[in-house]
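Biologist: I am new to this structure and would like to learn how to read it. Could you take me through it feature by feature?

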Amino acid sequence: MTRALILGGTADANLLAERIARAGLDAVYSYGGRTRTPADQPLPTRTGGFGGAGGLADYLRREGITHVIDATHPFAAEMSRHAVAACTETGTPLIALERAPWVKAPGDNWIEVADIMSAVAALPDKPTRVFLAIGRQHIAPFSTSPQHTYTLRFVDPPEEALPLPGANVIVSRGPFTFDGELELMRSRAIEWIVARNSGGTGARAKIDAARALGLPVILLSRPQLPDRPRVESVAEVMDWLGHRTCLGA
């Protein structure tokens, strides 16, 4: 009997949870705990870490998990590595639901970098207006370039002082539209964007808006992860679980 664990927190994970619930499969949806107000799910939900790869392996055994779907953010590298290690230890089948990264298109002005410190270094020396679309856990290194005016966007309001004094904070939950991102960039006179290559459509609007406005984008490449089976659609995950669907993802 199938009992799946979804390592979630993304729009694709939410869509997968809906599809699994509709199919009547036994599954648990796990949030990493970074978001204080996560979206409601049609499946039993747990929040918080597992205590590393060993803790996750213990959870898989204790809960009788037969399949693990890693549908975390492409930059949640630690959780993905823990999933590979835990599933290898327990012999639990694992698949990653991960959209393909964005590919540079005509008109894109990208500076592709490997890490956050390289992104900081890629900004110009002179003061400029920067939209940091990278998640709150990665903003501290930009405090070494305080001459810039930063705009940040979070799902939850910050609970403590940010390391970027004077930053403009927007509290909003995606997905975001092309027109909305154009308005944001124009109204705040954004000159540079720093983003992660998340892939998919839910976060792409800012990349398309930057192209339309001719703005440079410092784009963080995805982290390297261990080899694992990977698909790009919910339908493929359902096939892997043995519940074929003619519905698209």
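Biologist: In what order do the six strands of the open sheet that holds β3 and β12 stand?

Modeller: First, a word on what we are looking at. This is a predicted model, in which local features need pLDDT of at least 70 and side-chain atom pairs count only at pLDDT 80 or more, while totals for chains, interfaces and linings use all residues. Residues are numbered from 1 along each chain as its sequence is written, and side-chain values use heavy atoms, with hydrogens and water left out.

Modeller: Now the names. Helices (H or I, at least four residues) and strands (E, at least two) are DSSP runs, numbered from the N terminus. Two strands pair if DSSP finds at least two bridges between them. In this sheet the order is β3-β2-β1-β4-β5-β12, with parallel pairing. β3 (45-47) and β12 (230-231) are at the edges with a single partner strand each, so one side of each has no neighbour in the sheet.

Biologist: How many bridges join β1 to β4?

Modeller: Strand β1 (residues 3-7) and strand β4 (residues 67-70) run parallel and are joined by four bridges. To find your place there, look for L5, which stands opposite V68 in β4.

Biologist: Which strands does helix α2 lie across?

Modeller: For angles, axes are lines fitted to C-alpha atoms, for helices over the stretch in contact, and the angle runs from 0 to 180 degrees between N-to-C directions. Contact means heavy atoms within 4.5 Å. Helix α2 (residues 52-63) lies across β1, β2 (26-31), β3 and β4, and runs at about 150° to β1. Helix α3 (residues 77-90) lies across β1, β4 and β5 (94-97), at about 160° to β5.

Biologist: What is the strand order in the open sheet that holds β6 and β9?

Modeller: That open sheet has six strands in the order β6-β11-β10-β7-β8-β9, again with parallel pairing. Its edges are β6 (109-113) and β9, each with a single partner strand, so one side of each is left without a neighbour in the sheet. From one strand to the next, the twist averages 20°.

Biologist: Which strands of this sheet does α6 touch?

Modeller: Let me start with a pair of strands. β6 pairs with strand β11 (residues 216-220) in the parallel sense over five bridges, and N109 has P216 as its bridge partner in β11. α6 packs on the sheet and touches β6, β7, β10 and β11, its direction making about 150° with that of β10.

Biologist: Is β7 mostly covered or mostly open?

Modeller: Buried means under 20% relative accessible area, exposed over 50%, and partly exposed in between (1.4 Å probe, protein chains only). β7 is mostly covered, with four of its five residues buried. β7 is joined to β8 by four parallel bridges, and R129 has T149 as its partner in β8. β7 also pairs with β10 in the parallel sense over four bridges, where A133 is partnered by A195.

Biologist: Why does I218 count as buried?

Modeller: I218, in strand β11, counts as buried because its relative accessibility is 0%. Leaving aside neighbours within four places in sequence, I218 contacts several residues, including I111, V113, L123 and W192. I218 and W192 are 26 residues apart in sequence and 7.7 Å apart in space, C-alpha to C-alpha.

Biologist: Which residues of helix α5 are buried?

Modeller: In α5 (residues 178-187), they are E181, L182, L184 and M185. Seen down the axis, the buried residues fall within an arc of 160°, so they line one face of the helix; the arc is that of the directions from the helix axis to the C-beta atoms. On the other side of α5, D179, R186 and S187 are exposed. The cover over the buried residues includes β7 (129-133), β8 (149-154), β9 (168-171), β10 (192-196) and α6 (205-213).

Biologist: How many aromatic pairs does the structure hold?

Modeller: A pair of aromatic rings is described by the distance of the centres and the angle of the planes. Rings of Phe, Tyr and Trp (its six-membered ring) pair if their centres lie within 6.5 Å; planes under 30 degrees apart count as stacked, over 60 as edge-to-face and the rest as tilted. The structure holds three such pairs. Among them is the tilted pair of Y29 and Y31, at 4.8 Å centre to centre and 50° between the planes. Another is F142 with Y150, edge-to-face at 6.1 Å and 70°.
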